[in-house]
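Colleague: I'm new to this one. Can you walk me through a few spots?

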Amino acid sequence: MTDRTALLHERLAHTILILDGAMGTMIQRRKLEEQDYRGERFADWPSDLNGNNDLLVLTRPDVIDEIHGEYLAAGADIIETNSFNATRIAIADYGMQELAREINVAAARLARETADGYST
């Protein structure tokens, strides 16, 4: 068992931990546009990308980092990755099934980095 896992088990034995909230709702509040989803890397992608929220970990990691930070600042003990639909099947709608692993890895890395910034 890793130190982090042991710490989580210890905390769960003594307290109720708060999980972050709805990532999709927080993203919608930012009223992002097609260009936000595309970024430079996907500027010429052949289909619309607006709504591919998981892709934002690659194109607008600053937005996802900010949302994670808002939940942590509000008292969340645990944050989830922004990868709810980052499966080959789900992102095939955008023709991006080959990016599933990259998106998941980037989402996990970003959540870990944000959480580390709030750890005490």
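Modeller: Leaving aside neighbours within four places in sequence, Ile27 is in contact (heavy atoms within 4.5 Å) with Leu32, Tyr37, Asn53, Leu56, Ile64, Ile67 and Asn82. This is a predicted model: local features need pLDDT of at least 70, side-chain atom pairs count only at pLDDT 80 or more, and totals for chains, interfaces and linings use all residues. Residues are numbered from 1 along each chain as its sequence is written, and side-chain values use heavy atoms, leaving out hydrogens and water.

Colleague: How many residues has the largest nonpolar core?

Modeller: That core has 29 residues. A nonpolar core is a set of buried (under 20% relative accessible area, 1.4 Å probe, protein chains only) Ala, Val, Leu, Ile, Met, Phe, Trp, Tyr and Cys residues joined through side-chain atoms within 4.5 Å. Ile27 is among those with the most contacts inside it, as are Ile64 and Ile67.

Colleague: Which element gives the most to this core?

Modeller: α7 (100–118), with 7 residues. Helices here are DSSP runs of H or I, at least four residues, numbered from the N terminus.

Colleague: New topic. Where does Thr81 lie?

Modeller: In the loop between α5 (61–73) and α6 (88–91). Thr81 touches Ala107, Ala108 and Ala111, not counting residues up to four places away in sequence.

Colleague: Is Thr81 exposed or partly exposed?

Modeller: Partly exposed, at 34% relative accessible area; that class runs between the buried cut-off and the exposed one, over 50%.

Colleague: And Lys31?

Modeller: Lys31 is exposed, at 69%. Lys31 sits in the loop between α2 and α3 (34–38). Its phi is near 50 degrees, a positive value in a residue other than glycine.

Notes:
Helices (H or I, at least four residues) and strands (E, at least two) are DSSP runs, numbered from the N terminus.
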